[in-house]
Amino acid sequence: MRRILLAATAVAALLPMAVHAQDAPTQTLRIALNEDGDILDPTLARTFVGRIVFAGLCDKLFDINEKLEIVPQLATSYEYADPKTILIHLRSGVKFQDGTDMDAASVKYSLERHATMQGSARKAEISALDHIDVTDKLTVKIVLKSPSAPFMAQLTDRSGMIVSPKAAEAEGKDFGLHPVCAGPFSFGERVANDHITLDRFPGYWDAKDIHFAHVIYRVIPDTSVKLANLQAGAVDLAERIAPSDVAEARKNPKLTVAVFPALGYDSLNLNLGNGPRSKTPLGESKLVRKAFELSIDRTALMQVLYNGLFQPTVQGIPPSSPYFNADLKVPERDVAKAKALLAQAGVKTPVPVTIGVTTSPLSKQLGEVIQSMAAEAGFDVKVQATEFASLLSAEASGDFEASAIGWSGRPDPDGNLYSFLATNAPLNDSKYSDKDVDTWLDQSRATTDVAARKALFAKIVTKVEDDLPILYLDSPSWVTGMTKKLSGFRTVPDGMIRLQGMELAK
Amino acid sequence: MNSHLGRRVLQVLPTLLLVSMLVFGLQQLMPGDPALVLAGEERDPLVLQQIRTELWLDRPIPIQYLHWIGGVVHGDLGYSWRIRQPVLQLVAEKLPVTLQLGVMAFLIAIGIGIPAGILSAVKRNTKWDYIANGIGLAGLSTPNFWLGIMLILLVSVRLGWLPPSGYVSLWEDWRMSLATTIMPAFVLGNAIAAVLMRHTRSAMLTAMDQDYVRTARAKGLNETVVVLKHALRNALVPVITLGALELGTLLSGAVLTEQVFSIPGFGKLIVDAVFNRDYPVVQGVVLITATIYILLNLLADVMYVVINPRLRGA
């Protein structure tokens, strides 16, 4: 009898495993990426496509949703004990892909790694962090140097990714070659410039929402070839389809295209005070900059470049954000007024302007369209195309008059504004400096009150639109192509591909 | 003989040293700060400073060079700044891919170019000649990337016969490997086929007018034997020389073709490394290519001596 009981117990114990094995997904999801990512270590990583891969590999303390609200992921909730102290409560029973437990100690370890590791790209993002205390196994207390409203938003991206301390200690700087996190898929293999394969992690805390055995991220830089792969069924989803390919993709009965607003912006950054090349009519006179803006028809520009899929804008905050200032309208093109402003500024026409663009066809086209539009108002625009690395160096060192480098965007407006507009901030290549804007930016960091921040951001974007250190052109959209068999794709403005809930019909 | 070879071997090291200095030095002339590119969107001065310190970018260039070459002497080419993989591993991963593509492209070029050249010479001024010439001209004047994309649209999207892009290694699945490389190899081989065809044609026309061909015909030999055995053998000498020269074209052509077909080969590796200012990868790839080239030349020198005894005394 005892033996029978034992056998029955064994069968009963094995039964869930058998059912589990039967239910285990077998399908592979194939995703086309625009370029190869960099190192797969959340502390050191710097590229956009790298973040897409991390969405399958490393869960974060928090995530954002379609409305840019902060929602739980590895953490279940948070609260402010005071403006400088945040308590974060963690999900229980979460395992890393190496089988170790994800707990408060590992959160402390990961955040400290982000903050202190040599070469960390996260340092600036969480510079407000003073120290972390482990309160209990599933609670950490984060103490900030000063109140920082954008801090929580940082924990929805790479700064909030928690790595396995055991693996990170063992691998050191090479952790990115075999990353171990608490995401739905574990690292499989990587062939540089070709593909990255992730394998389902059966111990994932939200395993019921994962419907693939493997995910393969393939690097396909050419837009036509990317579309061809989608049409031929060689990939299931392709990020950043060229806007000009959307009509073609939509003609295909097997494909669908999701177009949804992104977090960043495209802009012309104008040199106001960065070295001798700022000593131009455009750099020195607000009237000339305004005239230049009025000479551009943003709506027509969007139509020519992006088939009207991107939205014209005059501010660095995306329309999807609750902080977007809807009162700030995009001015209509007004050549007569532009000419009048140039006359008022007393500058000799045509006013010479050199715009630096990258060698990508769209960037060059942007320069050329602006060139022809601005010519009518009395500007002599020269378009200078250099590859991205050189353009970036030129802009950072002040060797530019106007430069077309946009920004990929962050969920909190602070990430789109502070570094570009605050006096001497790291990405402020225009060397724009305005006392009011500096004060408002600092105030927007110090309060977590949404209404108060909204009022401050409204003042900032209005003042910046008046001063024009950055000539915002558009809020881009993500254009993602996929097979109609794929369901569950979420259109979150950060453009990440969240694998939870995605499914391929057989 | 030994002294001759000894001299040649002794020349290799200084040449390689010179190449390494050239690569390192020329690279410093490229605009664009590698630390800025690496920092990406996190251009915080603190981060930039850390990157510069870690990668020795804040030291004088001669010191940076000595640091690098010191590693090279010990067999360590460094690691990619961007993805942190060792350069040697990247090269070992990518070189076979480009070699496979190159060999297949060359076989395709020979397979198309030489028979088409023969046909067009033998059937001179007939419709066959015009067709072959037309194809040759089209092959020469069609840009690689255009032909690549057109083939993908036709063969993969419309007909669904072959995968549109990507690469599978020969050892992993040889059928898929051939399926993924046949289109790019055709694109790459196509232009060379055209060159080979035109040269085979003119060499064959010259050969067909020679006395020994007339003699062969007079002996009553079958026309096929005359063409293939007598004319072609003599016509092939300049064609082979040309084919060898075209091998260089293959490598440069591979850069574009690999980009279009998303093939992770040598060409794509170096192009991406240059754009990302991934200096160790650029240096490593150029140094290895130069080493292979120099060693092949040395091998050729050795072969001359082995084949031609008169050189042994030199």
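Is the crossing of H5(B) and H6(B) left-handed or right-handed? The crossing of these two helices is left-handed, where left-handed is the term if the near helix is turned anticlockwise from the far one by less than a right angle, and right-handed if clockwise.

## Model and conventions

This is a predicted model, in which local features need pLDDT of at least 70 and side-chain atom pairs count only at pLDDT 80 or more, while totals for chains, interfaces and linings use all residues. Residues are numbered from 1 along each chain as its sequence is written, and chains are lettered from A and ligands numbered from 1 in the order in which they are written.

The model has an ipTM of 0.80 and a pTM of 0.87. For chain B the average pLDDT (the predictor's confidence in each residue, from 0 to 100) is 86, and 96% of the residues score at least 70.

## Helix crossing in chain B

Helix H5 (residues 87–122) and helix H6 (residues 127–141) of chain B have axes that come within 8 Å and cross at roughly 140°; the axes are lines fitted to C-alpha atoms, for helices over the stretch in contact, and angles run from 0 to 180 degrees between N-to-C directions. H5(B) contributes Ala116(B), Leu119(B) and Ser120(B) to the contact, and H6(B) contributes Trp128(B), Asp129(B), Ala132(B), Asn133(B), Ile135(B) and Gly136(B), a contact between two residues being defined by C-beta atoms, placed from the backbone, that lie within 7 Å.

By class, these contact residues are 5 nonpolar, 3 polar and 1 charged, with Ala, Val, Leu, Ile, Met, Phe, Trp, Tyr, Cys and Pro counted as nonpolar, Asp, Glu, Lys and Arg as charged, and the others, Gly among them, as polar.

## Strands of chain A

Chain A holds an open sheet of 7 strands with mixed pairing, in the order E8-E9-E10-E1-E11-E19-E12. Its edge strands, each of which pairs on one side only, are strand E8 (185–191) and strand E12 (255–261) of chain A; two strands pair if DSSP finds at least two bridges between them. E12(A) runs antiparallel to strand E19 (residues 477–483) of chain A and is joined to it by 7 bridges, and the bridge partner of Val257(A) in E19(A) is Gly481(A).

Strand E4 (residues 75–82) and strand E5 (residues 85–90) of chain A are likewise antiparallel, with 6 bridges between them, and they form a hairpin with 2 residues between the strands. Asp82(A) of this pair stands opposite Thr85(A) in E5(A).

In the interface, 38 residues of chain A are in contact with 43 residues of chain B. Strand E10 (214–219), helix H6 (223–231) and helix H13 (388–396) of chain A are the elements that give two or more residues to the side of chain A that touches chain B, and that side has 18 nonpolar, 11 polar and 9 charged residues.

H13(A) is largely enclosed by the rest of the structure, because 8 of its 9 residues are buried; a residue is buried if 20 or more other C-beta atoms lie within 10 Å of its own, exposed if 12 or fewer, and partly exposed in between, with C-beta atoms placed from the backbone. What covers the buried residues of H13(A) includes strand E13 (266–270), strand E15 (351–357) and strand E17 (402–403) of chain A, together with helix H2 (34–39) and helix H11 (266–275) of chain B. H13(A) is followed by Gly398(A), which has a positive phi near 85°.

## Backbone details

Arg240(A), which is not a glycine, has a positive phi of about 50°; it is found in the loop between strand E11 (237–238) and helix H7 (246–251) of chain A, and it counts as buried because it has 20 C-beta neighbours inside 10 Å. Ser262(B), also a residue other than glycine, has a positive phi near 50°, lies in the loop between H10 and H11 of chain B, and counts as buried with 25 C-beta neighbours inside 10 Å.

The peptide bond from Thr349(A) to Pro350(A) is cis, with omega near -5°, and Pro350(A) is placed in the loop between helix H11 (335–345) and E15 of chain A.

Technical notes
Helix = DSSP H or I, 4+ residues; strand = E, 2+ residues; numbered from the N terminus.
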